[in-house]
Each structure stands twice: as structure tokens, then as C-alpha cells.
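Okay, thanks for having me, everyone. Let me put the structure up, and then I'll walk you through a few parts of it.

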Amino acid sequence: MTVHPTLEPYADAWTHSIEAITELVLPLPEAQWNLPTPCPGWSVRDIVSHLIGLELEQLGDPRPIHTLPRDLRHVVDEFTRYMEVPVDVRRHHTAPEMTSELEYTVIRRQRQLRNEKRDPATTMVRGPQGNQITLEFALRLRAFDTWIHEQDLRAALGVPGNWDSPGAFVARDMLLGGLPKVVAKGAGAPPNTAVVIDVHGPVEFLRTVRVDAAGRATLDKTPSLGPDVSLAMDWETYVRLAAGRVRPRTVADRVKVEGDTELAAAILGAFAVTP
């Protein structure tokens with residue numbers, strides 16, 4: 001796919017994940033569309049509906065006019081209500097209806113991306129909840145969101161894979177971007193604290209979050225000698241924690257903690273950076 005150079009990595013990542021998702025769901029019998037996924041409150045059908053809905057927004061299609069039921073426990077605020085509308089409106093769609101709409105939406109989006117001539121850094125487009133964001137950030141979000149939901153679908157269907165695909169590296173950078181806030185705000189780490197995150201597996205990295213004397217946190221690649229907390233885990237565990245798919249206690253055996261155990265518990269408790 002030929003796009004603006006700054007969009008290319010995100011277009012490639014999105015394409016890889018959305019095509020993988022299409023391959024996953026095309027052969028599914030009707031019953032498997034109702035399987036629960038790690039994404040709270042959403043089935044396989046719901047995730048595909050969510051992806052279709054957001055891609056249609058990027059195409060400029062109007063949002064459906066739809067009143068949500070009152071008994072959806074995972075709908076807790078304006079953001080989740082916004083996201084739920086294109087999902088709930090498709091809850092009774094059949095498997096053929098879902099796959100047909102998905103395939104047609106992907107074809108339209110790929111055509112849109114191939115023909116994109118606007119400046120990614122200055123062009124403003126509709127983002128989540130209707131706010132305005134740059135075209136570049138919008139596609140970065142779509143690449144991230146699509147890869148995360150690809151993993152939700154793989155978990156639900158028992159078909160693991162693509163932990164090191166292009167979308168995984170977009171997800172790494174997006175999730176790491178939230179770490180300083182997790183440590184400083186979510187966990188309330190005191191000034192002059194250093195926290196090391198060591199991740200191994202298909203995607204590997206070591207990062208240090210440093211909280212300065214004013215309480216501001218930054219992220220860097222320089223290891224800290226004698227950090228206050230060190231957390232080591234595999235890439236899959238990191239993703240599931242940071243995306244809010246698991247609770248820390250359920251993966252405690254997969255996280256190695258060194259240093260201040262109380263601060264470590266607070267960091268892990270605030271680890272989720274996606275809604």
C-alpha cells in the first residue's frame with residue numbers, strides 16, 4: 001500500500017491485523033460469533049462490530065442512531081457509551097452479514113488509504129468520541145486498536161499468533177507512552193523514584209520510568225542502577241495488563257517483582273492504560 005511516508009508503518013500494521021482478523025472470522029460458524037473475549041462485555045461479534053464502526057467513521061459515514069439498553073454493565077461512562085452504539089446495533093446480525101460488511105469496509109478503507117493525499121501532520125479528522133485529531137494519530141490509533149482486538153479474537157478462538165507482527169510494535173510504543181502516568185499518577189510514586197520494566201519474548205525491551213524531584217515522570221532506555229522497583233514479565237503478560245485484559249493477581253506468577261513490593265503492587269494495580 002503506497003501512502004505518505006509517515007503513515008506507511010501504521011497503514012502496514014493496520015492492514016496486517018485487519019486482514020488477519022478477516023481470515024480468522026470468515027470461516028466461523030454462527031455459534032462462535034457469540035464467544036466471549038478478554039475485552040470486557042464483548043463477544044467475537046461485538047469486537048468485529050466495533051472495528052467496522054470505527055473504520056466507517058474514518059470513511060466519514062454517519063454514526064447509527066440507536067438507543068442503548070440500560071442493562072449493559074460494561075457501559076459506565078460517555079466513552080463506553082459512544083463505543084457501544086455501533087456494537088449494539090449489530091448484535092443480531094448474522095455471520096454472513098458480519099463478514100460481508102467487514103470485507104466491504106476493509107476494501108473501502110484500503111482504497112481511501114491508497115488515495116490519501118492530505119498532510120498527515122496537519123489534517124484533522126474525527127477521532128474517538130468525535131474529537132478532532134491529526135490524520136497521522138488517527139491511523140496510529142487504528143493500527144493499535146486493531147492489533148489489540150486481533151489478540152482478543154485470537155484468545156477467544158484459541159488461535160494464538162502475530163505477537164511480533166507490525167501492529168505489535170505500534171502497540172508497544174502506544175502502551176509505553178502511558179507508563180509515566182501509571183507510575184507517577186496512578187501509583188503515586190514519590191519524587192526521585194526509578195522504576196524498571198523489563199519485558200522479554202517476541203517483543204523485548206527495557207525501560208526506566210524516572211520521577212523527578214517535582215513529581216514529573218519520564219521514560220527512557222537507560223537502565224537504572226538500584227531502582228526502587230523492577231518488574232520483569234513476558235510480552236503477552238505486559239500487553240494483557242496494560243490493555244486491561246487481566247487483573248494483576250491472575251498473572252502474579254508471570255511477573256517477577258524486585259524492590260519496594262508495596263509500590264510494585266500500586267504500579268501493577270494502575271497498569272491498564274486503555275479504557
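So, let's begin with the largest nonpolar core, which has 76 residues. The ones with the most contacts inside that core are Leu231, Trp235, Tyr238, Ile267 and Phe271. And who gives the largest share of this core? That's helix 5, residues 135–157, with 11 residues. Oh, and keep in mind that this is a predicted model.

If you leave aside its neighbours within four places in sequence, Phe271 is in contact with Leu179, Val182, Ile197, Met233, Tyr238, Leu241 and Ala242.

Now back to helix 5. Helix 5 packs with helix 6 at an angle of about 110°, and the two axes are 8 Å apart. That makes helix 5 roughly perpendicular to helix 6. On the helix 5 side, the contact is made by Phe137, Arg140, Leu141, Ala143, Phe144 and Trp147. Helix 6 brings Gly167, Ala168, Val170, Ala171, Asp173, Met174 and Leu175. Sort the residues of that contact by class and you get 10 nonpolar, 1 polar and 2 charged.

Helix 6, residues 166–177, also packs with helix 1, residues 8–25. Here the angle is about 120°, with the axes 7 Å apart, so helix 1 and helix 6 are oblique to each other. Their crossing is left-handed. Tyr10, Ala13 and His16 of helix 1 meet Pro166, Gly167 and Val170 of helix 6. By class, that contact has 4 nonpolar and 2 polar residues, and no charged ones.

That's my tour, so over to you.

Notes:
Residues numbered from 1 in each chain as written. Predicted model: local features only at pLDDT ≥ 70, side-chain atom pairs only at ≥ 80, totals over all residues. Heavy atoms only, no water. Axes fitted to C-alpha atoms, helices over the stretch in contact; angles between N-to-C directions. Helix = DSSP H or I, 4+ residues; strand = E, 2+ residues; numbered from the N terminus. Parallel < 35°, antiparallel > 145°, perpendicular 65-115°, else oblique. Left-handed = near helix turned anticlockwise from the far one by under 90°. Contact = heavy atoms within 4.5 Å. Nonpolar A, V, L, I, M, F, W, Y, C, P; charged D, E, K, R; others polar. Core = buried A, V, L, I, M, F, W, Y, C linked by side-chain atoms within 4.5 Å. Buried < 20%, exposed > 50% of the residue type's maximum accessible area, 1.4 Å probe, protein only.
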